[in-house]
Amino acid sequence: MIVPLCMRCGEREATHKIEQIVNGRYVKLYLCDECFVEMGGEIKNFMPFSDVFGMSSAPRETRCPTCGTAYSSYLKTGLLGCPDCYETFRAQLEGQIKKTQGALYHVGKDKPSDEERELAGEISELQERIQEAIKKENYPEAQRLQKILSVLKTRQRAGGGS
């Protein structure tokens, strides 16, 4: 079995393999004990090569400490088990949310300006007046109001400017 060199120092044999999803991409990092500890790792919490290349089971999967939901379960069902899952799977979820929604926060629509609300009110009132004119069979008045309505709707589509 060929053991790779540490990807950080390039001098010593790598004794730790770290696998993560970073910004939606799968990343493998091979580190020696020294570099691993310098980067803030604790040797007892990561999988040594003997576990990876030996006869051990598949790589350990991240699970929510509260409910035990695995990230692979979320990928299959689209459901998380509890509120703590959001923090446990934060890195993976942020990548997916950003890819799907385009941002990590809700942008929503802007509130209409006073001018836009006033224009919408005028349009609504004019539509009612057109219907009244039609009921009274005052077609010339309905036609005149329809022309005004057309101008207002054009102004509305252009952004509410006067």
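Let me start with Thr 69: apart from neighbours within four places in sequence, this residue is in contact with Thr 62, Arg 63, Cys 64, Gly 81, Cys 85 and Phe 89. Contact here means heavy atoms within 4.5 Å. Before going on, this is a predicted model, where local features need pLDDT of at least 70 and side-chain atom pairs count only at pLDDT 80 or more, while totals for chains, interfaces and linings use all residues. Residues are numbered from 1 along each chain as its sequence is written, and side-chain values use heavy atoms, with hydrogens and water left out.

Back to Thr 69. The residue sits in the loop between helix H2 (49–53) and helix H3 (71–77). Helices (H or I, at least four residues) and strands (E, at least two) are DSSP runs, numbered from the N terminus. With a relative accessible area of 15%, Thr 69 is buried. For that term, the cut-offs are under 20% relative accessible area for buried, over 50% for exposed, and partly exposed in between, using a 1.4 Å probe and protein chains only.

Next, the salt bridges. How many salt bridges does the structure hold? There are seven, counting a side-chain nitrogen of Lys or Arg within 4 Å of a carboxyl oxygen of Asp or Glu. I will go through some of them.

Lys 17 pairs with Glu 19, and their closest N and O atoms are 3.7 Å apart. Lys 17 is buried, at 13% relative accessible area, whereas Glu 19 is partly exposed at 27%.

Now Arg 12. Its side chain meets that of Glu 11 in a salt bridge at 3.7 Å, N to O. Glu 11 is exposed, with a relative accessible area of 61%, and Arg 12 is partly exposed at 28%. Arg 12 also forms a salt bridge with Glu 34, at 3.5 Å, N to O. What does that pair tie together? Glu 34 lies in helix H1 (residues 33–38) and Arg 12 in the segment before strand S1 (16–22), so the bridge links parts that are 22 residues apart in sequence. Glu 34 itself is partly exposed, at 45% relative accessibility.

Last item, a backbone angle. Most residues other than glycine have a negative phi. Glu 137 is not a glycine, yet has a positive phi of about 60°. Where is Glu 137 found? This residue is in the loop between helix H6 (114–135) and helix H7 (139–157). Glu 137 is exposed, with a relative accessible area of 57%.
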